[in-house]
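These are my notebook entries on a structure that I went through entry by entry. The sequence and the model come before the notes.

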Amino acid sequence: MSEVEQVLRSWDGPAGHSVLQVPVPELEGFVRARTAHYDAGFVCDDPGYVHAHVTALGPFVPEPTEEDLAVVARIAADTLSFEAVLGEVAAFPDGIIHLLPAPDTGFRLLTQRLGAAFPDHPPYGGRYGPPSAVLPHLTLDLASADVDVASTRRLLGDAIPVVTRAQRLDLVWYESGRCRLMRSWTLGGRATQ
């Protein structure tokens with residue numbers, strides 16, 4: 001079960017929702033396999049959809065208007081591409097096993113800018129505080145009797161550390177059986193779809 005799915009189970013919003021996320025294609029195989037392990041309904045066949053990502057803002061506007069999309073496009077255009085290393089495996093108290101980017105400054109600034117532009121849609125529904133308090137991360141797995149930080153690190157093997165370059169911001173729809181890429185913007189550029 002994904003982190004956002006867990007958050008949605010604890011709030012009264014709709015089952016499906018949009019998310020603004022930065023894809024990390026270097027870890028797509030691992031995250032896609034773990035997603036399929038928990039719920040194949042959240043595996044998307046759209047080749048543009050990247051399961052491995054760092055959430056920038058989600059849940060986002062349920063039905064973004066052209067004005068909403070223009071605001072996102074401006075923020076993406078004003079955000080330069082940046083590099084981060086994902087290598088530290090950690091877990092949140094709720095059991096979400098994740099990778100921490102270093103440095104995380106680019107992800108933090110992007111979330112803060114999006115959060116300021118869309119104050120009615122705080123990251124994770126406001127569950128973890130304001131945008132400045134959100135810890136950027138890439139969700140890998142969920143702790144259980146058989147899964148923990150050590151087992152996840154072993155399963156990743158030499159796939160980490162990975163150097164990634166944040167190059168685009170994707171707007172995706174996240175719902176079992178209906179996941180899809182809705183729009184994509186190049187960081188420092190313009191819409192690609």
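This is a predicted model: local features need pLDDT of at least 70, side-chain atom pairs count only at pLDDT 80 or more; totals for chains, interfaces and linings use all residues.

**Entry 1: cis peptide bonds.** I first looked up proline 59, which lies in the loop between β2 and α3 (66-77). The peptide bond that leads from glycine 58 to proline 59 is cis, with omega near -5°. I then turned to proline 161, found in the loop between α5 and β6 (162-166). The bond from isoleucine 160 to proline 161 is cis as well, with omega near 0°. For reference, most peptide bonds are trans.

**Conventions.** Residues are numbered from 1 along each chain as its sequence is written, and side-chain values use heavy atoms, with hydrogens and water left out. Helices (H or I, at least four residues) and strands (E, at least two) are DSSP runs, numbered from the N terminus.

**Entry 2: strands.** I noted that β1 (residues 17-23) and β2 run antiparallel and are joined by four bridges; two strands pair if DSSP finds at least two bridges between them. Leucine 20 stands opposite leucine 57 in β2. Five of the five residues of β2 are buried, so β2 is largely enclosed by the rest of the structure. Here buried means under 20% relative accessible area and exposed over 50%, with partly exposed in between (1.4 Å probe, protein chains only).

I also examined β7 (residues 168-174) and β8 (residues 180-186), an antiparallel pair with six bridges. Tryptophan 173 has arginine 180 of β8 as its bridge partner. This hairpin has five residues between the strands, and glycine 177 takes a positive phi near 80° there.

**Entry 3: helix α2.** Which residues of α2 (residues 28-38) are buried? I recorded Glu28, Phe30, Val31, Arg34 and Thr35. They lie on the same side of α2, because they cover an arc of only 170° around the axis, taken from the directions from the helix axis to the C-beta atoms. The buried residues of α2 pack against β5 (138-142) and α5 (149-156). Gly29 and His37 are exposed, on the face turned away from the buried side.

**Entry 4: valine 147.** I placed valine 147 in the loop between β5 and α5. Valine 147 counts as buried, at 11% relative accessibility. I listed its contacts (heavy atoms within 4.5 Å): leaving aside residues up to four places away in sequence, valine 147 touches Arg34, Tyr38, Ile97, Asp141, Leu142 and Thr152. Glycine 95 is 52 residues away from valine 147 in sequence, with 9.6 Å from C-alpha to C-alpha.

Entry 5: Tyrosine 124 sits in the loop between α4 and β5. Although not a glycine, tyrosine 124 has a positive phi of about 55°. Tyrosine 124 is buried, with a relative accessible area of 4%.

I found two cavities of 30 Å³ or more in the structure. A cavity is a set of points on a 1 Å grid over the protein atoms alone where a 1.4 Å probe fits but cannot get out, and lining residues have an atom within 4 Å of a point. Grid points are joined across faces, edges and corners, and a volume is the space filled by probe spheres set on the points. The second largest cavity holds about 50 Å³ of space. Its lining includes Tyr124, Val54, Arg108 and His137. The elements giving two or more residues to this lining are β2 (53-57) and α4 (105-117).

Notes
On a 1 Å grid over the protein atoms alone, a cavity is a set of points where a 1.4 Å probe fits but cannot get out, and a pocket is an open set with protein on both sides within 12 Å along at least five of seven lines; lining residues have an atom within 4 Å of a point.
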